Amino acid sequence: MYRISNKPPPPALNEERLRDLALRYVGKYATSRAKLSAYLNRKIRERNWDDAGQPDIEALVNRFSELGYVNDAQFADARSHSFIRRGYGKRKLDENLRSAGIEFRDAASALEHATMSEFAAAENLARRKRIGPFAQSKASEEKKRKNLQTFLRAGHRWEIACRFVNADPGEFIEEI
């Protein structure tokens with residue numbers, strides 16, 4: 001069922017409204033340059049453009065980047081720390097950063113951090129999902145297969161996934 005709204009449609013965008021919209025967006029969400037650009041393009045399609053000439057989204061995004069409102073390297077580092085805490089591996093992080101439009105030079109530090117924290121991320125995933133050493137009881141072969149799939153979907157390497165999945169409950173896994 002659709003609800004008919006009595007609210008008037010939002011006004012068409014001009015330079016000032018576009019800048020205000022962008023400022024509210026970066027104030028509310030951690031974002032990358034590519035995501036901000038995509039958001040502004042979508043808003044222009046939805047609300048139309050009411051100013052002389054075409055909107056210069058690239059200049060606005062560059063200005064926000066110069067002011068430090070948008071920083072792709074910081075975005076990538078924050079995403080890397082978040083992914084490690086949640087138990088995701090480097091491959092998953094790389095996919096996420098590429099989909100956010102982060103260039104390799106901005107993502108290099110975050111990917112290096114993910115590589116250095118690979119064991120901690122795997123341990124966090126195992127603890128969160130109660131796999132291997134954090135399980136309540138020894139897993140069946142079917143459950144081990146499913147746990148292995150969980151590790152691989154989370155972006156971990158095969159070797160580290162197998163070490164955690166094949167560990168007995170309470171077993172200590174040493175970082176190599």
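Burial is defined here by relative accessible area, with buried residues under 20%, exposed residues over 50% and partly exposed residues in between, for a 1.4 Å probe and protein chains only. At 10% relative accessibility, Phe119 therefore counts as buried. The model is predicted, so that local features need pLDDT of at least 70 and side-chain atom pairs count only at pLDDT 80 or more, while totals for chains, interfaces and linings use all residues. Residues are numbered from 1 along each chain as its sequence is written, and side-chain values use heavy atoms, with hydrogens and water left out.

The structure holds 6 aromatic pairs. Rings of Phe, Tyr and Trp (its six-membered ring) are paired if their centres lie within 6.5 Å; planes under 30 degrees apart count as stacked, those over 60 as edge-to-face and the rest as tilted. The pair of Phe83 and Tyr88 is tilted, because the ring centres are 5.2 Å apart and the planes stand at 55°. Both Phe83 and Tyr88 are buried. Phe119 and Phe164 form a further tilted pair, with 5.4 Å from centre to centre and 45° between the planes. Phe119 belongs to helix H7 (residues 118-129) and Phe164 to helix H9 (residues 158-165), so this pair ties together parts that are 45 residues apart in sequence. Helices are DSSP runs of H or I with at least four residues, strands are runs of E with at least two, and both are numbered from the N terminus. Phe164 is buried, with a relative accessible area of 1%. One aromatic cluster is formed by Tyr25, Tyr29 and Tyr39.

Helix H6 (residues 104-116) comprises 13 residues and reaches 17 Å from its first C-alpha to its last, close to the 18 Å expected at 1.5 Å a residue. The expected span is 1.5 Å times one less than the number of residues in the helix. H6 has a kink of about 25° centred on Ala110, where the bend at a residue is the angle between axes fitted to the seven residues ending there and the seven starting there. The buried residues of H6 are Asp106, Ala107, Ala110, Leu111 and Ala114. An α-helix has 3.6 residues a turn, so residues three or four places apart point the same way. The buried residues of H6 pack against helix H4 (72-86), helix H5 (90-99) and H7, contact being defined as heavy atoms within 4.5 Å. Arg105 is also placed in helix H6, but at 63% relative accessibility this residue counts as exposed. The C-alpha atoms of Arg105 and Val70 are 16 Å apart in space, and the two residues are 35 residues apart in sequence.

Two packed helices are described by the angle between their axes and the distance between the axes. The axes of H4 and H5 come within 10 Å and cross at roughly 145°. These axes are lines fitted to C-alpha atoms, for helices over the stretch in contact, and the angles run from 0 to 180 degrees between N-to-C directions. The crossing of H4 and H5 is right-handed; a crossing is left-handed if the near helix is turned anticlockwise from the far one by less than a right angle, and right-handed if clockwise. On the H4 side the contact is made by Ala76, Arg79, Ser80 and Phe83, and on the H5 side by Lys92, Leu93, Asn96 and Leu97. Gln74 also lies in helix H4 and counts as exposed, at 54% relative accessibility.

Arg130 is found in the loop between H7 and H8 and counts as exposed at 56% relative accessibility. Thr150 is placed in helix H8 (residues 141-153) and is buried, with a relative accessible area of 18%. Leaving aside neighbours within four places in sequence, Thr150 is in contact with Leu125, Lys129 and Ile131.

Arg17 lies in helix H1 (residues 15-28) and counts as partly exposed, at 32% relative accessibility. Not counting residues up to four places away in sequence, Arg17 touches Pro11 and Ala12. Gln74 and Arg17 are 57 residues apart in sequence and 27 Å apart in space, C-alpha to C-alpha.
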